[in-house]
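Dear colleague,

Please find below the structure that I am handing over to you, together with its sequence. My notes on what was found follow it.

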There are 2 protein chains.
Amino acid sequence: MKTGTIHGVGLGPGAQDLLSVRADRLVRSARHVAYFRKAGKPGQARRIVEGMLRDDVIELPMEYPVTTEIPVADPRYNALLAAFYAECTQRLAALTGTGEDVVVLCEGDPFFYGSFMHLYTRLSGQVSIGVVPGITGMSGAWTACGQPMTWGDDVLTVIMATMPEEELTRRIRDTDALVVMKIGRNLAKLRRAVTAVGRQDEAYLVEYAAMADQRVTPLREAESVTPYFSILLIHGQGRRP
Amino acid sequence: MKTGTIHGVGLGPGAQDLLSVRADRLVRSARHVAYFRKAGKPGQARRIVEGMLRDDVIELPMEYPVTTEIPVADPRYNALLAAFYAECTQRLAALTGTGEDVVVLCEGDPFFYGSFMHLYTRLSGQVSIGVVPGITGMSGAWTACGQPMTWGDDVLTVIMATMPEEELTRRIRDTDALVVMKIGRNLAKLRRAVTAVGRQDEAYLVEYAAMADQRVTPLREAESVTPYFSILLIHGQGRRP
């Protein structure tokens, strides 16, 4: 019997018409659609494709056993997630064994800080698996700002706000253009780091880029951020005629 | 009279079905389509949309007066390009003045090292102008490698191989995941820099990502590269359960 294929499909930053044509076709025609979400929440990937799925679609929500309740450094965090990914892997592999294809919905681009990568590395070599790249959340964010991001020979650095303040400061000082993700609880620390290198007036916070509730705020005016969908940007100012 | 709008439309890395649904609609319905190209060449942006344009489309090729014939540090380079962008700006603005919309084709994402940015900054505030983000060439490249790019708290650095060797080496040492563009004549220097920090076995060269002639080569096996469509990648190996 023919076995199925798993497609990790990048959905882009949030607007339905920012899916690629290839992703749009796969999502609309899929009989089995899997996606990650926090238990009890609809899930952002699923929210993006609302109204696009087949009437007879079979949905496979994969609910994280833990998100922010346990610190990532705690060994229990890793153990819980490893067991979870193993279980998801098994479910998806079993489906392909019956000849069914599965579309795994991925926000942004699947290979750029995506949860799908945990399935991909476990399934590669075992089953047929493909990836459709997507427009990243950071592209959505800099487009929302209405300002070009990188010019000429600009260096772009992408970092997570979870890193220690000293390291954060050093890296913000050492780049032309900057993207910071995972801001949530780290906003005060991030603001101190940006201010320490004198770039506080160049920094913008973008929330829900490319979605209906998109919001761009200069960092100096921001009081808090949406925990999950926030990106901080400093635009490059490189060489140009 | 109603004035027209200029749309800077990201085409993604090269495959037609990696245009976003929004970009696909704009390109297929456009009456006026503008794009940059080297004089005498078809131009990569135009090549991507081959067969997608309306029968009665009016094309506006914008031909660079200079590409690599004059070093970028030479003042004549800047003067020639500044005059060129001013002229392009005028042509596009004149068209919108007659009520016509124009789609400007942009490889990858328009705000990520794109030539369209030179028009955008000159036209903003003067005419109605919009941007459709696209899948970047680097997303196309890491998807071609079949290996996730950034995990957990990985730092991603994007640099141009044009920078001095010492600076290149320092930055390659100081990042988890790496993207290098503008490789062409700088391959030998780039190889020395990657080797100096002991990462030569982790590095891949991707040429023509997402196109029919896509090619992934480990850096240690690469002898030369396609001047324009080459990206070097080192994948992050960050935290994962």
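**Notes on the model**

B:V104 is in contact with B:I6, B:H7, B:G8, B:V9, B:A34, B:Y35, B:F116 and B:L119, leaving aside residues up to four places away in sequence. Please keep in mind that this is a predicted model. The largest nonpolar core holds 149 residues, and of these A:V104 and B:V104 touch the most other members. As general background, nonpolar side chains in soluble globular proteins tend to be buried together.

With regard to confidence, chain A has a mean pLDDT of 94, and 99% of its residues reach 70 or more. For the complex, the predictor gives an ipTM of 0.96 and a pTM of 0.96.

Strand 4 of chain A covers residues 102-106, and five of its five residues are buried, so the strand is largely enclosed by the rest of the structure. In a regular strand, side chains alternate between the two faces of the sheet. In strand 4 of chain A both faces are covered: A:V102, A:V104 and A:C106 are buried on one side, and A:V103 and A:L105 on the other.

I turn now to the relation between the chains. The same surface serves both copies, since 100% of the contact residues of chain A recur in chain B.

Finally, consider helix 5 of chain B (residues 137-145). Eight of its nine residues are buried, so this helix is largely enclosed by the rest of the structure. Among the buried residues are B:M138 and B:W142. The buried residues of the helix pack against strands 7, 8, 9 and 10 of chain B, and also against strand 5 (128-132) of chain A. After helix 5 of chain B comes B:G146, which has a positive phi, near 65°.

Yours sincerely

Conventions:
Residues are numbered from 1 along each chain as its sequence is written. Chains are lettered from A and ligands numbered from 1 in the order in which they are written. This is a predicted model: local features need pLDDT of at least 70, side-chain atom pairs count only at pLDDT 80 or more; totals for chains, interfaces and linings use all residues. pLDDT is the predictor's confidence in each residue, from 0 to 100. Two residues are in contact if their C-beta atoms, placed from the backbone, lie within 7 Å. A residue is buried if 20 or more other C-beta atoms lie within 10 Å of its own, exposed if 12 or fewer, and partly exposed in between; C-beta atoms are placed from the backbone. Helices (H or I, at least four residues) and strands (E, at least two) are DSSP runs, numbered from the N terminus. A nonpolar core is a set of buried Ala, Val, Leu, Ile, Met, Phe, Trp, Tyr and Cys residues joined through C-beta atoms within 7 Å.
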